[in-house]
Amino acid sequence: MNARAETIETIAATAEAGAAGGPLIRLRGIRKTYGQGQAAFQALKGIDLDIERGDFVAIMGPSGSGKSTAMNTLGCLDVPSAGDYLFRGIAVQKLSRDQRARLRRKSLGFVFQGFNLLARTSAQENVELPLLYRGESAAARHEQARAALAAVGLAGWESHTPAELSGGQQQRVAIARAIVTRPEVLLADEPTGNLDSQRSREIMQLLWQLNDVHGITVLMVTHEPDMAAWARRVVRFVDGRIASDRRNPRPAGLDAQTAPAAPEFDDTPALEASAAGAA
Ligand code: ADP
């Protein structure tokens, strides 16, 4: 299909989804096969999943069940072998590599277990990086990164390098880097996997606030039931299929909110102010 036909099809799909009030994310019959012939392995065997705006979904399941493959698909990092992925009604599998990259930069933020920060680079510069890729001015980068760091409770820590920060603080920098572009969806792959229980709880509280206060849709892979307890919905993968999909009647964040807010969250409105200014 040529680029023009592709664009028209994309717009048509968007309009259709808008008119139908479709979900933010829709997977239909998603399959992923690695390798070929005798060595072929089906990591996803037909996934159907709808995710509404503002949801907080924990993806669980044993090792090898297809969680990472599903996250890579959802994050537009990899294309499925078959099936449809609609993001806001846009057929992701019909986008070119460049269009997918643009969708990723504009709408998705990523947080990983290992933080993935640049060493010997300040927190501020780490958070500015996605804005640099977007071609934002130095002044805009500076202001938005400061606001994002403040939103994750790291005002005053801008000049520190990862080595000068605790694991929990490093993950906060990574989250600031993920939200500085104001994504619609935050994809987190075992975000607390390298943290002790207290730091894990703080990170979950932060993710909960980003979801509950800022309305960011959160998709999180976790092995730990304690972390999944923060999600509004738990989807369990087994052997490349969805084995269960349940709403959590009482996400842990609802109870955490009744506790006094940590002082670092007082800075949260700074992100909104800067976001409004940048819009
Ligand atoms: P999980 O995240 O639940 O541990 P994955 O999605 O990483 O599961 O993997 C699902 C299955 O697909 C596993 O059996 C894994 O070995 C296989 N797999 C994942 N990536 C590749 C790859 N690049 N090539 C071949 N097999 C892969």
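1. Helix H7 (residues 197-212) lies across strand S3 (56-60), S7 and strand S8 (217-221), and its direction makes an angle of about 150° with S8. Helices (H or I, at least four residues) and strands (E, at least two) are DSSP runs, numbered from the N terminus. Axes are lines fitted to C-alpha atoms, for helices over the stretch in contact, and angles run from 0 to 180 degrees between N-to-C directions. Contact between two residues requires C-beta atoms, placed from the backbone, within 7 Å.

2. A word on provenance before going on. This is a predicted model, in which local features need pLDDT of at least 70 and side-chain atom pairs count only at pLDDT 80 or more, while totals for chains, interfaces and linings use all residues. Residues are numbered from 1 along each chain as its sequence is written.

3. Now the overall picture. The protein has 10 helices and 10 strands. Taking contacts between residues at least 6 apart in sequence, 71% join residues at least 24 apart.

4. Six strands form an open sheet in the order S6-S7-S8-S3-S9-S10, with mixed pairing; strands pair if DSSP finds at least two bridges between them. Strand S6 (108-112) and strand S10 (241-247) are at the edges with a single partner strand each, so one side of each has no neighbour in the sheet. From one strand to the next, the twist averages 15°. Five bridges hold S6 and strand S7 (residues 185-189) in a parallel pair, and leucine 108 has valine 185 in S7 as its bridge partner.

5. What is the size of the largest nonpolar core? It has 65 residues, and those with the most contacts inside it are Ile59, Ala148, Ala176, Ile179, Leu186 and Leu207. Such a core is a set of buried Ala, Val, Leu, Ile, Met, Phe, Trp, Tyr and Cys residues joined through C-beta atoms within 7 Å. Leucine 186 touches Gly109, Val111, Ala178, Ile179, Leu210, Ile216 and Val218, leaving aside residues up to four places away in sequence. In soluble globular proteins, nonpolar side chains tend to be buried together.

6. The other sheet is also open, with four strands in the order S2-S1-S4-S5 and antiparallel pairing. Its edge strands, S2 and strand S5 (90-91), each pair on one side only.

7. The hairpin of S4 and S5 has two residues between its strands, with arginine 88 in the turn at a positive phi of about 50°. Strand S4 (residues 82-87) pairs with S5 in the antiparallel sense over two bridges.

8. For anyone interested in the ligand, the surrounding residues are Tyr34, Gly35, Phe41, Ala43, Gly61, Ser63, Gly64, Ser65, Gly66, Lys67, Ser68 and Thr69, where near means a C-beta atom, placed from the backbone, within 6 Å. By class the shell has three nonpolar, eight polar and one charged residues; Ala, Val, Leu, Ile, Met, Phe, Trp, Tyr, Cys and Pro count as nonpolar, Asp, Glu, Lys and Arg as charged, and the others, Gly among them, as polar. Strand S2 (41-51) and H2 each supply at least two residues, and H2 gives the most, with three.

9. Is threonine 69, from that shell, buried or exposed? Threonine 69 is buried, because 21 other C-beta atoms lie within 10 Å. Threonine 69 sits in helix H2 (residues 67-74) and touches Lys32, Ala43 and Leu44, not counting residues up to four places away in sequence. Its C-alpha atom is separated by 9.8 Å from that of arginine 31, 38 residues apart along the chain.

Technical notes: Buried ≥ 20, exposed ≤ 12 C-beta atoms within 10 Å, placed from the backbone.
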